[in-house]
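Biologist: Please take a close look at one part of this structure for me, and then set it in its surroundings. I would like the cut-offs for each term as you go.

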Amino acid sequence: MRSGIKKNNMNKKQRIIFTVLVLIIPLLNFAVFTVGMNGEMFVSSFFMTKTLKDGSMVNTFAGFHNYQVLFRNLSDFTGEEAISFVILKNTLAIIPVSILTTCLSLIMSYAIARKFKGYRFFRIVLYAPCILSTVVLCMIFRYMCLEGGLLYELFGKNIPGGQGLFSDDVVWKIVIGYTIWTGCVINLYFMSAFARLPQSLFESAELDGASETVLFFKIAFPLISSLFVTMLLSSICGAFGFFAPVYFLTNVSQKSAHTIGYILVTFAEGNSGAVDGRVGLYAALGVVITIIGSLVAIFTRWLGNKLAVEDLEY
């Protein structure tokens with residue numbers, strides 16, 4: 001009797017230890033990188049940082065001053081400041097591009113999974129951007145846009161100014177083009193989901209005369225709609241941190257192509273000419289973008305749940 005009680009107590013202790021060991025790392029990660037960093041960002045948005053002559057830094061409470069400056073800058077349509085309406089417009093413009101690339105990725109993954117004509121070739125071509133680094137892809141795309149490159153020969157010869165496709169008026173279109181080019185790839189999550197679908201469903205529908213369009217919209221898509229909503233949500237949220245193509249394809253002076261993610265990264269690197277008071281201003285920007293991104297994510301999730309088909313079994 002006592003040995004049984006001791007054994008149960010030992011098993012209970014082992015389960016508690018196992019649970020603690022499993023949860024401690026994600027809980028620490030959440031505490032440091034979610035609660036800690038966002039909390040510090042929120043607090044910093046109410047302070048101004050001043051650098052003294054001896055190099056030391058002093059924080060002084062500024063109330064909502066940083067937010068006032070932020071909204072004043074975001075209403076600046078000239079784009080002269082680092083933070084202006086231009087970066088907000090460009091960042092929001094990435095959202096429909098993200099939706100487009102996610103939809104195209106879904107369609108292409110379906111075509112490969114269904115083994116359309118030439119699927120072996122496109123499986124290699126469309127999967128290549130997934131394994132190449134962003135730096136390599138940007139370098140390839142940049143060479144294509146330089147004089148003598150394919151895109152330059154097609155679109156850049158007649159652009160005035162001598163800078164070709166990298167002129168201030170065109171460079172943002174280059175960033176969008178690169179984003180679509182690298183976004184139209186095979187998504188491994190979609191491929192895995194399509195691979196799990198019973199082929200008998202498609203065979204039965206084909207015997208009934210269903211076209212490939214009907215197979216996609218009536219069978220394949222409803223069965224993976226929940227995954228599509230999740231991937232779409234992730235893609236849209238990533239738009240608020242979009243910076244890599246801007247970083248590698250533009251320069252600091254081309255403010256017409258800057259995004260919020262880009263100016264935050266360059267500010268953190270010290271490349272944006274950070275001066276007194278700018279830390280609180282950028283912290284305020286982070287808070288505002290977090291709120292906007294959260295609202296967009298909630299709306300996207302709500303809309304996705306309305307469109308997704310639930311309770312399907314196969």
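Modeller: Let me start with a definition: a residue is buried at under 20% relative accessible area, exposed at over 50%, and partly exposed in between, using a 1.4 Å probe and protein chains only. Helices (H or I, at least four residues) and strands (E, at least two) are DSSP runs, numbered from the N terminus. This is a predicted model, in which local features need pLDDT of at least 70, side-chain atom pairs count only at pLDDT 80 or more, and totals for chains, interfaces and linings use all residues. Residues are numbered from 1 along each chain as its sequence is written, and side-chain values use heavy atoms, leaving out hydrogens and water.

The part I picked is helix α5, residues 134-145. Buried in α5 are L137, C138, F141 and C145. Viewed down the helix axis, these buried residues fall within an arc of 100°, so they line one face of α5; the arc is that of the directions from the axis to the C-beta atoms. What does that face meet? The buried residues of α5 pack against α4 (119-131), α6 (150-156), α7 (171-183) and α11 (244-249), where contact means heavy atoms within 4.5 Å.

Now for the surroundings. The protein chain has 13 helices and two strands, and 38% of its 314 residues count as buried. Among contacts with a separation of 6 or more, 66% join residues 24 or more positions apart.

One helix pair is worth a visit too. Helix α9 (residues 199-207) packs on helix α10 (residues 212-238) at about 165°, with the axes 11 Å apart. That makes the two roughly antiparallel. Here axes are lines fitted to C-alpha atoms, for helices over the stretch in contact, and angles run from 0 to 180 degrees between N-to-C directions; under 35 degrees counts as roughly parallel, over 145 as roughly antiparallel, 65 to 115 as roughly perpendicular and the rest as oblique. L201, F202, A205 and E206 of α9 make the contact with L215, I219, A220 and L223 of α10.

Finally, S98 sits in helix α3 (residues 85-113) and, at 8% relative accessibility, counts as buried. Beyond neighbours within four places in sequence, S98 touches S235, I236 and A239.

Note on methods
The expected span of a helix is 1.5 Å times one less than its number of residues.
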